[in-house]
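Me: I would like to learn how to read a structure like this one. Could we go through it feature by feature?

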Amino acid sequence: MTGNIIEIVSILAAAIAVSFGAIGPALAEGRAVAAAMDAIARQPEAAGTLSRTLFVGLAMIETMAIYTLVIALLVLFANPLAG
Amino acid sequence: MDSPLTLEPLFHIGPVPITAPVVVTWAILVGLAVFAAVSTRHLKLTPGKVQTVLELFVTTVDGQIRDTMQRDPAPFRALIGTIFLFVLVANWSALLPGIEPPTAHLETDAALALVVFIATIVYGIAARGMKGYLGTFAEPSWVMIPLNLVEQITRTFSLVVRLFGNVMSGVFVVGIVLSLAGLFVPIPLMALDLLTGAVQAYIFAVLAIVFIGAAAGESPGRPTSEQGETSS
Amino acid sequence: MTIDWWTLGLQTLNFLVLLWILKRFLFRPVSRIIEERQAAAHAALDEAEAARREAREVRDAAQVEAERVAAARSDVLAAAQQEAEREKSRLLKEARAAADTALAEGAAELERVREAQARALAEDAAQLATDIAGRLLARLPEVARPTAFIDGLAEAVADLPDATRAGMGADTPLRVRAAQDMAEEERNMLRRRLGEVLGHSPKLTFEVDPGLVAGLELVGPHAVVRDHFRADLERIREELSRHD
């Protein structure tokens, strides 16, 4: 049964990691998009440059969520405790 | 469900186990080599369509390097361009059915990051000399030496995990949705993967430029930007 | 978590091979062709610049030439204008001189005519006055008696030079012309008076000449002594005529 407990805990840990890890990047992406919208509203002629930079920035921010996903997958599929 | 973190060897060449990413990479390598050889065989001063695209690509890479490093882009052009091109093609190879992109596996990303890491050291030493390059770890003071060393490792790992996580998660999500919903549902996700793949290729290349540029430092003979600044 | 080190190594190798291939077959030729095109563009630009400079020089030269031609033309124009001005002023001066001459001649002619007219007028007037005086005196016979002129004639003879006076009446008779016939006593009286003045008694012949109006005239071989209105009137008339 120890193996089962570890698996249950691993699944819980993965879910918690992804859910909480998604909070920060979600807020950050929201702020980034809001700021970009504000900037585009002020300067519509710079929309091209702004949106390109926004996409790159969003990808960088999203990477933080990806990190938690990687950790979650590590816990799920490559758990060293599960053997 | 298969773990995205493990690799099963397809076959062995002698003692060497050959895995699926290696085979796909070979295919990409051959495809790019043939494309490059064919498309650059008849270069003319008045370019055709393919040549125009190639020149636009090279010029854009040059512009990025020049903007970021404030240096002559010639020594870095091939490395940065190859990184971008390979990562882009590898990411987009997921479009072909039955093929898993090589970058969705940790080993390929680690290999790329390793090349960037070594290139950082090589270019840094080439630009500043051994003593000068080691001196950059003591900036702004010697207290920062451990922190700078750790930063070298962590940013390389960050590079690896960023690319791996993005591509792998895309493939993983598409796989899950495909197993749940069937035929046409994953198509929007695959389109999203195309965007993610392009952006990640760009980010990987730009971060490589930034790392190498930081190691090589500001060039004493700063190149005057003769060509128009290419915005990213 | 396991990392397949063989795969890692192979991928690194693959990437390096790809790097070499792309560098050899893609980046080097493409960047070279870009540089060639830039060089060609620079050459073309330089050429265009040179051509433009040459064109500018040619244009400047043409402009200088045009300015020179314009200057020469304006010089010629100015000279011609000056010449014309001079000619005009000369012609004007000549015309004015001719006009002045003609005017002066006209004025002189006019003066002369006027003078002649005035002289004729004066002569006419003098003639008229003489006529009027003669006619008026003719109506006064008593006043105009020769007797009244005897003393005047004698005084006039006395004023003559001595040689002339001595010759008078000595050899040839003196002709006495009177306006009216003289009586005998008047003739004697005249003879006596002349004798007193001349120192000898002259021989006298008497004539009547109404043209004298009134008075006497003594005509000698060498001298004529007049004492009559005719002579006076003649003198007055001459006097009047001379003044115009």
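Reply: What follows takes the chains and their contacts in turn. Keep in mind that this is a predicted model.

Me: In what order do helices and strands come along chain B?

Reply: Read the elements along the sequence. Chain B has 6 helices and 2 strands, and their pattern is β-β-α-α-α-α-α-α.

Me: How much of chain B is buried?

Reply: Burial is judged by counting neighbours: a residue is buried if 20 or more other C-beta atoms lie within 10 Å of its own. In chain B, 36% of the 232 residues are buried. Contacts can also be sorted by separation in sequence. Of those in chain B between residues at least 6 apart, 68% join residues at least 24 apart.

Me: Which elements of chain B supply the side that touches chain C?

Reply: Begin with the contact count, then ask which elements provide the residues. Here 38 residues of chain B are in contact with 29 residues of chain C. Two or more residues each come from β2 (16-19), α1 (20-39), α2 (49-69), α3 (74-92) and α4 (106-135) of chain B. The most come from α1(B), with 9 residues. By class, this side of chain B has 27 nonpolar, 8 polar and 3 charged residues.

Me: And what does chain B present to chain A?

Reply: The steps are repeated for the other partner. Here 15 residues of chain B are in contact with 15 residues of chain A. Helices α5 (145-181) and α6 (187-216) of chain B each give at least two residues to the side that touches chain A. That side divides into 6 nonpolar, 8 polar and 1 charged residues.

Me: How should I read the sheet in chain C, and which strands are at its edges?

Reply: Take the strand order, then the pairing. The sheet is open, with 4 strands in the order β2-β1-β3-β4 (chain C) and mixed pairing. Its edge strands, β2 (204-208) and β4 (224-228) of chain C, each pair on one side only. On average, neighbouring strands are turned by 15° against each other, direction ignored. Inside the sheet, β1 (174-178) and β3 (215-219) of chain C are antiparallel, joined over 4 bridges. As an example, C:Arg177 has C:Glu217 in β3(C) as its bridge partner.

Me: Which helix packs on that sheet?

Reply: Look for a helix that touches its strands. Helix α2 (147-159) of chain C touches β3 and β4 of chain C, and its direction makes about 150° with that of β4(C).

Key: Residues are numbered from 1 along each chain as its sequence is written. Chains are lettered from A and ligands numbered from 1 in the order in which they are written. This is a predicted model: local features need pLDDT of at least 70, side-chain atom pairs count only at pLDDT 80 or more; totals for chains, interfaces and linings use all residues. Two residues are in contact if their C-beta atoms, placed from the backbone, lie within 7 Å. Ala, Val, Leu, Ile, Met, Phe, Trp, Tyr, Cys and Pro count as nonpolar, Asp, Glu, Lys and Arg as charged, and the others, Gly among them, as polar. Two strands pair if DSSP finds at least two bridges between them. Axes are lines fitted to C-alpha atoms, for helices over the stretch in contact, and angles run from 0 to 180 degrees between N-to-C directions. A residue is buried if 20 or more other C-beta atoms lie within 10 Å of its own, exposed if 12 or fewer, and partly exposed in between; C-beta atoms are placed from the backbone.
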